[in-house]
Amino acid sequence: MKKTTAAITAVGGYVPDFVLSNKVLETMVDTNDEWITTRTGIKERRILKEENAGTSFMAIKAAEDLLEKRGIEASEIDFVLVATATPDMPVAATAAYVASEIGAVNAFAYDLQAACSSFLYGMSTAASYIESGRYKKVLLIGADKMSSIIDYTDRTTCIIFGDGAGAVLFEPNEEGLGLQDEYLRSDGIGRQFLKIDAGGSILPASEETVKNKQHYVYQDGKSVFKFAVSNMADVSALIMERNDLTKEDVHWLAPHQANKRIIDATANRMGLEADKVMMNIDRYGNTTSATLPLLLHDYEKQLKKGDNIIFAAFGGGFTWGSIYLKWAYNS
């Protein structure tokens, strides 16, 4: 019997219309376009401005884009997994709402949170459900409304993050395509360097926590950068070695879009030329859980059946890892 693998068979995406450029940020905080571009590679980011619209709004848009392109009904989906660090609300799963809104009436759904590694971990989860043989169509969505947890008077974080959503469909494959290998890691030491202090069970919301701006993202940029550079590069090189892949064998690197210098360091460690590196950080900034699927959405037309893609991510917690996947279709 042939082994059943889990392959991506469709991609969808959505970014909001409103563009927050570096020039606009110059009027909001003490920064400038050259400083931001040099240190991060970001020129602009998208911000969700629709009233009463949260992460689910973008997740639904990305899912609907995918379903239309794949030509299937939402009722065919078995499982909806939403990777996000910014759920619509605590307790009530955003994924459950998204599934109902798109008409996935036969699916169960839940959220997965591992900061910027959420989608990468979600790929592992989705593939495992497919490989088990119990489910045939798993919809994985990465979506974040980072603007909802960013302090736009803090120049260390407001220049980095944007809003967006991307979606992929995992289905069984008998040709040996799809997810080939993964190496996922975590280390709780990172908790102090990238976090939101308040709103959880340790420090519930209060008048004082709101006044102290403790519901916004705090990031120790230098520490996070140091950990991200070494760990993303390490796992990407390791997954190549484990699968006997040379730089010629790798068609694409799909790296988390946090900082262009981190992306460049990862590519250099793998020995890859720039034209093999997927990048859209200049247009979207860091959309957290949405970065990897938005890369696939933007590069889909360039992907060919059998292409070897290395995914890599690093996020708060700390969480990080790499996945090796063979692309399953010609666009």
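1. Let me start with Met-278. Leaving aside residues up to four places away in sequence, Met-278 touches Trp-252, Leu-253, Ala-254, Pro-255, Gln-257, Leu-295, Leu-296, Tyr-299, Leu-303 and Ile-309; contact here means heavy atoms within 4.5 Å. Please keep in mind that this is a predicted model, in which local features need pLDDT of at least 70 and side-chain atom pairs count only at pLDDT 80 or more, while totals for chains, interfaces and linings use all residues. Residues are numbered from 1 along each chain as its sequence is written, and side-chain values use heavy atoms, with hydrogens and water left out.

2. Now the cores. The largest nonpolar core has 36 residues, and Met-278 is among those with the most contacts inside it, along with Phe-170, Leu-296, Ile-309, Phe-311 and Trp-327. Helix H5 (residues 118–131) gives the most to this core, with eight residues. A second, separate core of 27 residues includes Leu-67, Val-82, Ile-102 and Ile-141. A nonpolar core is a set of buried Ala, Val, Leu, Ile, Met, Phe, Trp, Tyr and Cys residues joined through side-chain atoms within 4.5 Å. Buried means under 20% relative accessible area, exposed over 50%, and partly exposed in between (1.4 Å probe, protein chains only).

3. Next, a sheet to look at. Four strands form an open sheet in the order E8-E13-E12-E11, with mixed pairing; two strands pair if DSSP finds at least two bridges between them. Helices (H or I, at least four residues) and strands (E, at least two) are DSSP runs, numbered from the N terminus. Strand E8 (178–186) and strand E11 (252–255) stand at the edges, each with a single partner strand, so one side of each has no neighbour in the sheet. From one strand to the next, the twist averages 15 degrees.

4. Within that sheet, strand E12 (residues 308–315) and strand E13 (residues 319–326) run antiparallel and are joined by eight bridges. Ala-312 stands opposite Ser-322 in E13. Helix H11 (residues 291–299) packs on the sheet and touches E11 and E12; its direction makes about 140 degrees with that of E11. Axes are lines fitted to C-alpha atoms, for helices over the stretch in contact, and angles run from 0 to 180 degrees between N-to-C directions.

5. Helix H4 (residues 94–102) is worth a look too. Its buried residues are Thr-94, Ala-95, Val-98, Ala-99 and Ile-102. They cover an arc of only 135 degrees around the axis, which puts them on the same side of H4; the arc is that of the directions from the helix axis to the C-beta atoms. Helix H3 (55–70), strand E4 (79–83), strand E5 (108–112) and strand E6 (138–145) are included in what covers these buried residues. Gly-103 follows H4 and has a positive phi, near 90 degrees.

6. On to the aromatic rings. Rings of Phe, Tyr and Trp (its six-membered ring) pair if their centres lie within 6.5 Å, with planes under 30 degrees apart counted as stacked, over 60 as edge-to-face and the rest as tilted. The count by this rule comes to 15 aromatic pairs. Phe-227 and Phe-318 have ring centres 4.8 Å apart and planes at 40 degrees, so the pair is tilted. Phe-227 lies in helix H8 (residues 221–242) and Phe-318 in the loop between E12 and E13, 91 residues apart. Phe-227 is partly exposed at 22% relative accessibility, whereas Phe-318 is buried at 1%.
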